[in-house]
Amino acid sequence: MHARRFVAGTLAAGALALSLTGCGDSVDPIERLGRKTAEETPAKGTKGAGSSTGPAAPSPGTSSSHAASDTASDTASDEAYRKWGLTAPVQYAPKPARKPEIPKAAPGKVPVIDRIPVPADDKVVFLTFDDGAEKDPEFLKMAADLKLPISMFLTDSVASSDYGHFEQLRDNGSASTINNHTLTHPNLRTLSYEAQKNEICGQQERLEKRFGRRPPFFRPPFGNYNDDTLRAASECGVSSLLLWRVSMQINNFQYADGSALKPGDIILAHFRGPSELKGSTEVQMTTRMLQRIQEQGYRIGRLEDYL
């Protein structure tokens, strides 16, 4: 019943197509999948090692409490997972004793990160949500109950109608963060350097004014960027450009490579509602995402603890 879909991106060496199954579950429009479809010039990076799949089994003595950051003082209750349709507590990765080594960027540019280089046996993944069009109060309750550490990448044109919604998500005790996803969500590769800088710096300034902090991370819309993007982001005070290797659709994951999660995977999801999720709610989509993570035996880490 699933159709085959091709997601294409233009590279300097030619067009590269990724064959992605499961388009019956796809969100339309969908962000492209990570570096392979995004950049004009291939960049060197560190890939995570392989993973195994199987049902998640809590380790002896493991708590369902959120241990991803020592700044998250509140913890999820032992029964919160049942309320939100899960059969087991969500498992969280502790803050690492030492942050992984990230390849350095060229002078005047920011590094591009699409997977966190963790050890091959460290089954940890990271949750990121983009845009900000949907502002579901039930999702606020879910994220607070489960203490989900979410890295938000907000676009001003859709999120600014109620930035207070995302402030509540940030301040729910999970140590979630707010980051930059441009002012208007354009394909940056079609813009001049100055226009790209306006999109990135403009959102940096608006987020700093609204939330009191200049975001360290930036995600380009559709994962599309070029050399000008890396220079403009650096000029705007961004420390890293974040992509992804896994995209959450309505029911299942789509993978940039392989058919399963890998240690260090950055997962892309969106703040979207029933009109874009074919009747599903943001809560239902997130429940399925957490179920898929649990089925493959992974824990959730706080991205900012690793970067």
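In this predicted model, helix α5 and helix α6 (residues 227-235) pack with their axes 9 Å apart, at an angle of about 45 degrees. That angle makes α5 oblique to α6. As for handedness, α5 goes past α6 in a right-handed crossing. On the α5 side the contact is made by Y193, Q196, K197 and I200, and on the α6 side by D228, T229, R231, A232, A233 and E235.

A second helix pair can be described in the same terms, since two packed helices are described by the angle between their axes and the distance between the axes. Here the partners are helix α2 (residues 137-146) and helix α4 (residues 163-170), whose axes come within 9 Å and cross at roughly 15 degrees. With an angle under 35 degrees counting as roughly parallel, α2 and α4 are therefore roughly parallel to each other. The crossing of α2 past α4 is right-handed. From α2, the residues P137, F139, L140 and A143 take part, and they meet H165, Q168 and L169 of α4. This contact of α2 with α4 has no charged residues, and divides instead into five nonpolar and two polar.

Helix α4 has other neighbours too. Its buried residues are Y163, G164, H165, F166 and L169. Between them, the buried residues of α4 pack against a list of elements: α2, β5 (150-154), α3 (156-159), β6 (177-180) and α5 (193-211).

What about the interior? In soluble globular proteins, nonpolar side chains tend to be buried together. In this model, the largest nonpolar core holds 42 residues, and the members touching the most others are L146, L290 and I293. Take L290 as an example: leaving aside residues up to four places away in sequence, L290 touches L86, V90, L127, M142, L146, L148 and I300. Apart from that core lies another one, made of 29 residues, with V238, L241, L242 and L303 among them.

A few single residues also deserve a look. Most residues other than glycine have a negative phi, and most peptide bonds are trans. Against that background, K147 has a positive phi, near 55 degrees. K147 sits in the loop between α2 and β5. Its relative accessibility is 8%, below the 20% cut-off, so K147 counts as buried. K278 likewise has a positive phi, near 55 degrees, and its place is the loop between β11 (266-270) and α7 (282-295). The relative accessibility of K278 is 58%, and the cut-off for exposed is over 50%, so K278 counts as exposed.

The last stop is R302, in the segment after β12 (299-301). With a relative accessible area of 13%, which is under 20%, R302 is buried. R302 also brings together separate parts of the sequence: R302 and F126 are 176 residues apart along the chain, but their C-alpha atoms are 6.3 Å apart in space.

Definitions and conventions
Residues numbered from 1 in each chain as written. Predicted model: local features only at pLDDT ≥ 70, side-chain atom pairs only at ≥ 80, totals over all residues. Heavy atoms only, no water. Core = buried A, V, L, I, M, F, W, Y, C linked by side-chain atoms within 4.5 Å. Buried < 20%, exposed > 50% of the residue type's maximum accessible area, 1.4 Å probe, protein only. Contact = heavy atoms within 4.5 Å. Axes fitted to C-alpha atoms, helices over the stretch in contact; angles between N-to-C directions. Helix = DSSP H or I, 4+ residues; strand = E, 2+ residues; numbered from the N terminus. Parallel < 35°, antiparallel > 145°, perpendicular 65-115°, else oblique. Left-handed = near helix turned anticlockwise from the far one by under 90°. Nonpolar A, V, L, I, M, F, W, Y, C, P; charged D, E, K, R; others polar.
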